[in-house]
Amino acid sequence: MTIDNDNDLQALKRIGAVVARTLQAMGKALEPGMTTRELDEIGAKLLEAEGARPAPALTYNFPGATCISVFPDIAHGIPGDRVLKAGDLVNIDVSAEKDGYFADTGSSFVMAPKAAKLERLARDGKRAMWAGVNSVRAGARLGDIGNAVQKFADQNGYTLIRNLASHGVGRGLHEEPGSIPTWHEPGERRRIGEGLVFTIEPFLSMGSEWAVEGDDEWTLRADTGRPTVQFEHTLVATRRGAIVLTAA
């Protein structure tokens, strides 16, 4: 989706705020002893109260309102009977539709007591995402995003998952441009158009480079089982930089 009017921008901001608030509330609700299904139900009720529909279920018939992945799972985890424990590394991905517009956001959380290495990884995962966001300018290359994230990862001793990419969003959950790399990709020559709506969602890892299938048709895990985090925002590209739609 490429926007060229304020009505589109305001509608995207509204759904962006909805998913941001939902993600924030779910993160605050995390506590040992609750199941991922109970956590998902919190998200589902919040989205419903805002007049929004969960995008994974709407688009792909995903069996949950949100994706909740407890390490060693890193993406697309199905909410269920898994009980959260102290010290768990949990990723929550919230995407939804309202009035025909979609937004997508995600964050990784470390439950107390927080292992220092995981707390540092989560902090740096967010910094890696912002390195990508801050590289966005209309007219620049999409590859600049991956270059910025890769530079941060290399300087801080991390790896990046290379088969989970960012994507266009707006009128649908996944749109063109597809497969926007959040790693250095020499062949990436596409340009960022003014008004382009897309996500930035690097998966920063302590040694893994690929996502592999888990125990069901949805869930993904890191190939070497090394701790991995994901942070995600939906944004609009302008000549002055990125307008972040999903900041709480």
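User: What volume does the largest cavity have?
Analyst: This is a predicted model: local features need pLDDT of at least 70, side-chain atom pairs count only at pLDDT 80 or more, and totals for chains, interfaces and linings use all residues. A cavity is a set of points, on a 1 Å grid over the protein atoms alone, where a 1.4 Å probe fits but cannot get out; points are joined across faces, edges and corners, and a volume is the space filled by probe spheres set on them. The whole-structure search finds 1 cavity of 30 Å³ or more. The volume of the largest cavity is about 60 Å³.

User: Which strands each supply at least two residues of the lining of the largest cavity?
Analyst: Residues are numbered from 1 along each chain as its sequence is written, and side-chain values use heavy atoms, with hydrogens and water left out. Lining residues have an atom within 4 Å of a cavity point; here they include Asp73, Ile74, Leu89, Val90, Thr228 and Val229. Strands (E, at least two residues) and helices (H or I, at least four) are DSSP runs, numbered from the N terminus. The strands asked for are S3 (73-75), S4 (89-98) and S13 (228-230).

User: How do the lining residues of the largest cavity divide by type?
Analyst: Ala, Val, Leu, Ile, Met, Phe, Trp, Tyr, Cys and Pro count as nonpolar; Asp, Glu, Lys and Arg as charged; the others, Gly among them, as polar. Phe71, Asp73 and Gln230 are among the lining residues. The division is 6 nonpolar, 5 polar and 1 charged.

User: Which residues have the most contacts inside the largest nonpolar core?
Analyst: A nonpolar core is a set of buried Ala, Val, Leu, Ile, Met, Phe, Trp, Tyr and Cys residues joined through side-chain atoms within 4.5 Å. Buried means under 20% relative accessible area, exposed over 50%, and partly exposed in between, with a 1.4 Å probe and protein chains only. The largest core has 33 residues, and the most contacts inside it belong to Ile15, Leu39, Leu84, Val90, Ile92 and Val197.

User: Which element gives the largest share of this core?
Analyst: Two or more residues each come from H1, H2, strand S2 (67-70), S4 and strand S5 (101-110). The largest share is 8 residues, and the element that gives it is H1.

User: Is Thr35 buried or exposed?
Analyst: Thr35 sits in the loop between helix H1 (6-29) and helix H2 (36-49). Leaving out residues up to four places away in sequence, Thr35 touches Gly80, Asp81, Arg82 and Val83, where contact means heavy atoms within 4.5 Å. Its relative accessibility is 15%, so Thr35 counts as buried.

User: What distance separates the C-alpha atoms of Leu121 and Met206?
Analyst: Leu121 belongs to helix H4 (residues 116-133). Its relative accessibility is 0%, so Leu121 counts as buried. Not counting residues up to four places away, Leu121 touches Tyr158, Leu204, Met206, Pro227, Thr228 and Val229. Leu121 and Met206 are 85 residues apart along the chain, yet their C-alpha atoms are separated by 7.8 Å.

User: Which strands stand at the edges of the open sheet, and why is one side of each without a neighbour?
Analyst: The sheet has 3 strands in the order S6-S10-S13, with antiparallel pairing; two strands pair if DSSP finds at least two bridges between them. S10 (residues 203-205) and S13 pair over 3 bridges, and Leu204 stands opposite Val229. One side of each edge strand lacks a neighbour because each has a single partner strand; the edges are strand S6 (159-160) and S13.

User: Which residue is the bridge partner of Thr238?
Analyst: Strand S14 (residues 233-238) runs antiparallel to strand S15 (residues 241-244), joined by 4 bridges. A hairpin of 2 residues connects S14 to S15. The S15 partner of Thr238 is Gly241.

User: What is omega for the peptide bond from Ala112 to Pro113?
Analyst: Most peptide bonds are trans. The bond between Phe71 and Pro72 is cis, with omega about 20 degrees. Pro113 lies in the loop between S5 and H4, and the bond from Ala112 is also cis. Its omega is near -5 degrees.

User: What is phi of Ser179?
Analyst: Most residues other than glycine have a negative phi. Ser179 lies in strand S8 (residues 175-180); at 57% relative accessibility, Ser179 counts as exposed. Its phi is positive, near 50 degrees.

Key. On a 1 Å grid over the protein atoms alone, a cavity is a set of points where a 1.4 Å probe fits but cannot get out, and a pocket is an open set with protein on both sides within 12 Å along at least five of seven lines; lining residues have an atom within 4 Å of a point.
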